Amino acid sequence: MNDLGDLLKPDAVRSGTPAGSKKKLFALLGEAASAAYGLDAAEVTERLAAREKLGSTGFGGSIAIPHGKIAGLPAVCGLFVRLDKPLDFASVDDLPVDLVFALLSPPDAGAEHLKALARVSRRLRDRAFTAKLRGAGSADALYALLAGTESRDAAA
């Protein structure tokens, strides 16, 4: 499965987001998780930051997949942010990050969490696909690409 639509809601996708630091990025992701999924923003921010302290989730190619476990979450869900300026993420290739796909999972979703992480990683390793993400003109266009639906960006 190439699309990631089952992991995302349209309002969980942001474009041209300013961050400036990982701390600010995680706070923005917390706010997005609150708006899209009704989660506690502070808890999401804390879980993502705690996981990042274990090691960078920047896996190369200017992409990061921060992730965390959230009690009470019914299923794995995601958030996608295209940053306005690349952010130092201590990635394995030392490149700053501009594409961020955050995954949030229930604490007992071991295999489901790993499968979602693998799917997101596999999809974001496709350079042609990430070029389209970087060229998309809006959050709606980003969602359409991520969900595998036709891009609504052409006429915008």
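**Figure 1. Helices α1 and α2 are therefore oblique to each other.** Angles under 35 degrees count as roughly parallel, over 145 as roughly antiparallel, 65 to 115 as roughly perpendicular and the rest as oblique. In this predicted model, α1 (residues 22-37) and α2 (residues 41-53) pack at about 140°, and their axes lie 7 Å apart. Axes are lines fitted to C-alpha atoms, for helices over the stretch in contact, with angles from 0 to 180 degrees between N-to-C directions.

**Figure 2. Residues in the contact between α1 and α2.** From α1 come K22, F26, A27, L29, G30, E31, A33 and S34, and from α2 come A41, V44, T45, L48, A49 and E52. Contact means heavy atoms within 4.5 Å. Sorted by class, the residues are eight nonpolar, three polar and three charged. Ala, Val, Leu, Ile, Met, Phe, Trp, Tyr, Cys and Pro count as nonpolar, Asp, Glu, Lys and Arg as charged, and the others, Gly among them, as polar.

Figure 3. Helices (H or I, at least four residues) and strands (E, at least two) are DSSP runs, numbered from the N terminus.

**Figure 4. Burial in the protein.** Of the 156 residues, 48% are buried, meaning under 20% relative accessible area with a 1.4 Å probe, protein chains only. The C-alpha atoms fill a box of roughly 40 × 30 × 25 Å along the principal axes.

Residues are numbered from 1 along each chain as its sequence is written. Local features need pLDDT of at least 70, side-chain atom pairs count only at pLDDT 80 or more, totals for chains, interfaces and linings use all residues, and side-chain values use heavy atoms, leaving out hydrogens and water.

Notes:
Buried means under 20% relative accessible area, exposed over 50%, partly exposed in between (1.4 Å probe, protein chains only).
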